[in-house]
Amino acid sequence: MPGKRSKCSFSRLEVILIACLVLMISLTVALLVLHFLTKKTSDCTNNIAEEAKYLVGAGRADCTGPVAQVPLMGYANPEQVGGGLLSRLYSRAFIVAEPEGSKRVVFVSADIGMVSQRVRLELRPCGCARHQEKSEEEDGWLGFLGAPPRPQVLKQLRSKYGELYRQDNVILSGTHTHSGPGGYFQYTLFWITSKGLVQPALSSIVNGIVKVGVTQLSVLVPSAALAVVFGVAPPCGTACFESIDIAHENMKKGRLFINRGTVENSQINRSPFSYLANPESERNRYSSNTDKEMVLLKMVDENGHELGLISWFAVHPVSMNNSNHLVNSDNVGYASYLFEQEKNKGMLPGEGSFVAAFASSNLGDVSPNTRGPFCANTGESCDNPQSSCPVGGAAMCMAKGPGKDMFESTRIIGQNIYLKAKELYEKASQEVTGPLSTAHQWVNMSNVSVELNATHMVKTCKPALGHSFAAGTIDGVGAFNFTQGSVEGDPFWDQIRDQLLGEPSNETKACHKPKPILFSTGEEFDSHGTPGMNVVIAGLCNVYTHYITTYEEYQVQRYEAASTIYGPHTLSAYIQLYRGLAKAIALNATQELSPGPEPPLFNVTNVTLLPSLSTENAPAKKSFGDVLEEVRQEYREREVAKVTFVGANPRNSAENMTEHNFLTVERYSNISSSWRVVLNDASWDTRFYWSKGSRGQSNVTLEWHIPAGAEPGVYRLRYFGHYKKRVTFLRVITVPFEGSSSAFHITAP
C-alpha cells in the first residue's frame, strides 16, 4: 500500500551500517590472510636456509676421442675397431662440499671402459715419475680411496682453486662401456689388443676428465646417511678437469636425497654355475643371483631447482656386442641420454645444465643379455658350466636379447634403467646430512696378509690370469679352443707361455690353485659404520684390476674367477682393507692412515700399430663433402633417411683436438626462412659410418632413424669433417670441409 514500507526493504542508515560491517569483515580477513602468508613465507625461507646442507655442483664434458681405426676397449677383439659414431661419450662430474670449511668431494663418471693407470699417471708431473719396468697390474699396486701422488690435473686444480681439490677427495669411475676407444693403457696385455698407445684417445679422455676429475679407490661418507665405496678401476684426464671445472663454476647451496628400488627384467647372472658354488646359507640371504637394487642420489639447489643425479646399478654395458664398430656409451649411456633430454627441454643432446650419471657398480658377472646364451650355429641353449656348444665349442656360445638386435637391446635395457631412476628420483625424500669424509691409501695387493679367523692367516698372490680368461664370456667369446671352467692347464698353450713369457714359479702356481695360469702378469717383468648408513659400491674407479670373486666361485674357474688376478683370497683382502678405511673414517682418524707405498710409473713410449694419417684424395671431378648417394625426397616416421658423401678419416678431427659434430639434422623454418639444428651426432637416432677406400679415398654415410612422432616438415642432413692436404714437400695441413644432402620431406603418418 502507498506509504507503507516493504518487509524486505532497509532504511538508508541500515544499508550504510551493513556495508561498513561487510567492509570491516573483509579487511580483517585480508589482514589475517596476509599475516599468515607472510609468516608462512618467512618460515619457508628459514627452513630452506636450514635445509641447504651443502654446496653442490654438476658438470658434463665430451671425452669421445677418435671414432675410426682405433680398437674398441672391452672385448679384447683385435678385429673390433672403430668405424663411426652412434653416440658421444661424456665425462660427468659432481661436487659436494660443506658450506663452511674445506671438506669437499668430487665424483666423476666417464663413458669409458675403465680408468687406466696410464691415464692417471699421465696426469702426474714429470718430477713424480719413476721410470721402472712394471705396471700396477704387473706388480700388484692398487690405490685405495683417493688419488694418485700429485697428478698433473690436481696440480692444475691446485693452481686454480688452492687446496680445495686434493689427492684424497677426487674420485673417477668408468661406466665400463665396451664400445669406447682403447689405447690408453700402459700394460703389455692391453697393448696387444689396443695396438699400442693411442695418444689421441688418451688425450681426449684426459682433456675431457680434466674438466671433470681424478682419483683412486675411495670411500665417501656424507654423515651416517651415505657411504660410497669406490672400487678398483681407473680414471680419465682433462675432460675430467673440464667437467670438474664446469661443476665448480655451477656450485650453489643445495641438498642431497637418496632413494633405492628394484630394477626388473634388465640383467641375468652370466655365470650361474659359479654362484651355486657359494654356501646355501649365504645364497638364502638374497632373492636373486644378481643384485637388482638401484641406488640413486638426487641433487637440488636450495630453492628446489634440479641439478642432477647419480645412479648406481649393477649391469654390464655390453648390449652392444663385439660385432659393433660404432663408438657409443651403451645401455647406461642411453639411460643418461633419456634423463638429460627430459630435464634439458629444448636443448640438443649433450647440452643443458642438468647432469644424469648412470655409474657402474658391482657388475662383475651381470649381463644385460636377458635371453641367455644360445649356440649361434644351431640356436640351441648353451647354458652349461663350460658355456660350450656341441658343434663349434665355446666360440659359438653367445648371449642374446632382449631385443631383435643389439641396437634394440641397448634401448630396451637403457629405457628400463631410466624409468626406474625416474621413479626413484621423483620419490626421493630421504635426505643425506652430516659431515663429509674421505680416506685414501695405496696397497700392494700382491702381498696382503688376510686374517680369515683367529687361527688361519692367508695371503694374496702375485697377479696372474687363468686359462678361462682367454675363453671370454657369453657376452663376448674368446678365441681358439679355450673354455670356461678350466681347472687344468693345456700342455700346448702352457708350452707356448713358457717359451714366450717363462714358466710361472711353483710358489705362484700353488698360490693360485685351482687356477691354471695362462699369463703370470706379476712375473713378466722384474665394518665400521653408523646406524642408518647407506652403503653404495661404485665400481671401476681409478685402477683396473679385472675381477673379484668369492673363494667358492674361484674354485669353479669360469671367466670371472680366472680373471681374479690376486688369487682365491682376493675378496677377503679387500674386505679387510675396506674395514680399516671405514674404521678410520668412523673414528675420524683418516689423518693417521699410512699413505702406503706409491706405485711406479711404467715408462712406455708412444709406439702404436695404428695406420698413419696421410694425405687424402677426393675422386675425380669430386670434392670433399660432395654427395655420392642422395636421400629420397620423402620419408615417413620409423624410416631411415640416408646419404653418402665423399669423406675423410674422422681421426683427423681427434688428432687435432677439434671439438665439433660430425653430423647434424636440420629442419627448415618457414617463419625465419632458415635452417635450425634439431639433432646432432650425440643423438641415439643418428649414425655416422666411415669406410676406407683405396688411393687415399673414403666415404661417409649418415643415417637418421626417424622416430615415431617426428614433426612433419622439410629436413636435411649435414656432414662436417677434416682432410689432410700437402702444401709443400714437408708440410701437411688439416683442412675443414662440410657437405649437405638435398632437402627432403617427412610426411604425416
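Cys541 counts as buried because its relative accessibility is 0%, where buried means under 20% relative accessible area, exposed over 50% and partly exposed in between (1.4 Å probe, protein chains only). Cys63, at 1%, counts as buried too.

Before going on, a word on the model: it is predicted, with local features needing pLDDT of at least 70, side-chain atom pairs counting only at pLDDT 80 or more, and totals for chains, interfaces and linings using all residues. Residues are numbered from 1 along each chain as its sequence is written, and side-chain values use heavy atoms, leaving out hydrogens and water.

## The disulfides

You will find 3 disulfides here, each a pair of cysteine sulfur atoms within 2.5 Å. Counting the bonded cysteines in sequence order, they pair 1-3, 2-4, 5-6.

Cys375 and Cys389 have their sulfur atoms 2.2 Å apart, and their link is left-handed, with -110 degrees about the S-S bond. Cys382 is joined to Cys397 by a right-handed link, at 90 degrees; both of these cysteines are buried. In the disulfide of Cys461 and Cys511, the sulfur atoms are 1.9 Å apart. Here Cys461 is buried at 2%, whereas Cys511 is partly exposed at 25%.

## Helix H16

Helices (H or I, at least four residues) are DSSP runs, numbered from the N terminus. H16 covers residues 570-586 and reaches 24 Å from its first C-alpha to its last. Its buried residues include Tyr574, Leu577 and Leu581. Just after H16, Asn588 takes a positive phi of about 55 degrees.

Definitions and conventions
Helix = DSSP H or I, 4+ residues; strand = E, 2+ residues; numbered from the N terminus. Expected span 1.5 Å × (residues − 1).
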